[in-house]
Amino acid sequence: MREVLRSEKKFLLTKTEAIQLSHKFEQVLRLDPHSGSNGYLVRSLYFDTMHDSDLWEKYAGTEVRRKIRLRTYSADAKIAYLEMKQKQGANQKKRSLELTREDAIKLINLDYSVLLKYDTDFARELYVFMTSRFYRPKVVIDYKRKAFIGKENSTRITFDSEISANQTNYNIFDPKLVMIPVFDKDRTVLEVKFNGFLLSYIKDIIGVTNKSELSVSKYVMARANY
């Protein structure tokens with residue numbers, strides 16, 4: 001089980017703004033080794049309760065809330081990550097459980113008992129939480145991500161573009177999964193993640209966009225577009 005606790009800020013950029021900011025970050029930060037010059041695929045299946053409790057808590061701005069998703073980085077991946085993100089005030093806590101491809105497919109098909117194969121407290125917590133609250137697959141979201149890493153304060157900068165969704169086929173391993181754009185292809189979501197405080201030189205680079213923070217998540221964007 002992997003756990004990360006940090007603050008997170010989001011901004012909505014035009015394609016031109018994203019290119020300009022990406023170039024600035026290339027001068028001061030290291031490119032994520034998985035990223036490459038063209039970025040990489042991120043595909044996630046989001047779960048929610050029968051009555052969409054997580055979605056409505058996000059709309060309501062509930063102080064303590066969570067999201068559960070199954071994430072992979074290619075259709076032919078041998079593993080996937082079941083993640084729980086918890087909003088706690090200004091911080092986001094993310095915990096991840098690595099699953100085999102076979103167990104991930106069973107999970108997609110509502111066989112949550114596979115979680116009991118993993119001898120960790122987090123796996124048991126996920127099993128109880130998802131079964132007792134009747135969690136179900138809701139939407140697959142994928143996008144192209146370009147990421148930068150800073151050593152100080154565990155800083156991570158990501159540019160997410162070509163965001164699309166599917167609410168009928170939940171198989172994240174399907175290479176022919178049909179995805180529908182969530183919004184204008186000219187838009188990119190910038191996410192800034194850090195521990196403690198945001199370094200001044202990062203803040204200065206972001207400040208040139210003169211953008212307000214974005215409060216809506218990709219999950220909300222995808223659900224709102226159906």
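Colleague: K193 and E191: are both buried or exposed?
Modeller: Both K193 and E191 are buried; that term means a relative accessible area under 20%, with exposed being over 50% and partly exposed in between (1.4 Å probe, protein chains only). Please note that this is a predicted model: local features need pLDDT of at least 70, side-chain atom pairs count only at pLDDT 80 or more, and totals for chains, interfaces and linings use all residues. Residues are numbered from 1 along each chain as its sequence is written, and side-chain values use heavy atoms, with hydrogens and water left out.

Colleague: What does K193 form with E191?
Modeller: K193 and E191 form a salt bridge whose closest N and O atoms are 3.2 Å apart. The criterion is a side-chain nitrogen of Lys or Arg within 4 Å of a carboxyl oxygen of Asp or Glu.

Colleague: And which residues are linked with them in a network?
Modeller: The network of salt bridges links R145, D160, E191, K193 and K218. E191 also bridges to R145, with the closest N and O atoms 3.6 Å apart. That pair links distant parts of the chain, as E191 lies in strand β10 and R145 in strand β7, 46 residues apart. Strands are DSSP runs of E with at least two residues, helices are runs of H or I with at least four, and both are numbered from the N terminus.

Colleague: Where does D160 come in?
Modeller: The side chains of D160 and R145 meet in a salt bridge at 2.7 Å, N to O. D160 is in strand β8 (residues 155-166) and R145 in β7, 15 residues apart, and this pair too links distant parts of the chain. Both D160 and R145 are buried; for R145 the relative accessible area is 5%, and for E191 it is 3%.

Colleague: How many salt bridges in the whole structure?
Modeller: The search finds 18.

Colleague: Changing topic: which residues of helix α3 are buried?
Modeller: In α3 (residues 101-108) they are D103, A104, L107 and I108. They lie on the same side of α3, because they cover an arc of only 145° around the axis, the arc being that of the directions from the helix axis to the C-beta atoms.

Colleague: What do they pack against?
Modeller: The buried residues of α3 pack against β3 (40-48), β4 (64-72), β5 (79-88), β6 (91-100) and β7 (136-150), where contact means heavy atoms within 4.5 Å.

Colleague: How do β4 and β5 pair?
Modeller: β4 and β5 are antiparallel, with eight bridges; pairing requires that DSSP find at least two bridges between two strands. A hairpin of six residues joins β4 to β5. R66 has Q86 in β5 as its bridge partner. β5 and β6 also run antiparallel, joined by ten bridges, and Y81 is partnered by E98 in β6.

Colleague: Which element has the highest mean pLDDT?
Modeller: Helix α3 has the highest, at 98, whereas strand β1 (residues 2-14) has the lowest, at 85. pLDDT is the predictor's confidence in each residue, from 0 to 100. The mean for the protein is 91, with 96% of its residues at 70 or more.

Colleague: Last one: which residues does D186 touch?
Modeller: D186 touches L13, T14 and K15, not counting residues up to four places away in sequence. D186 sits in the loop between β9 (180-181) and β10 (187-194) and is partly exposed, at 32% relative accessible area.
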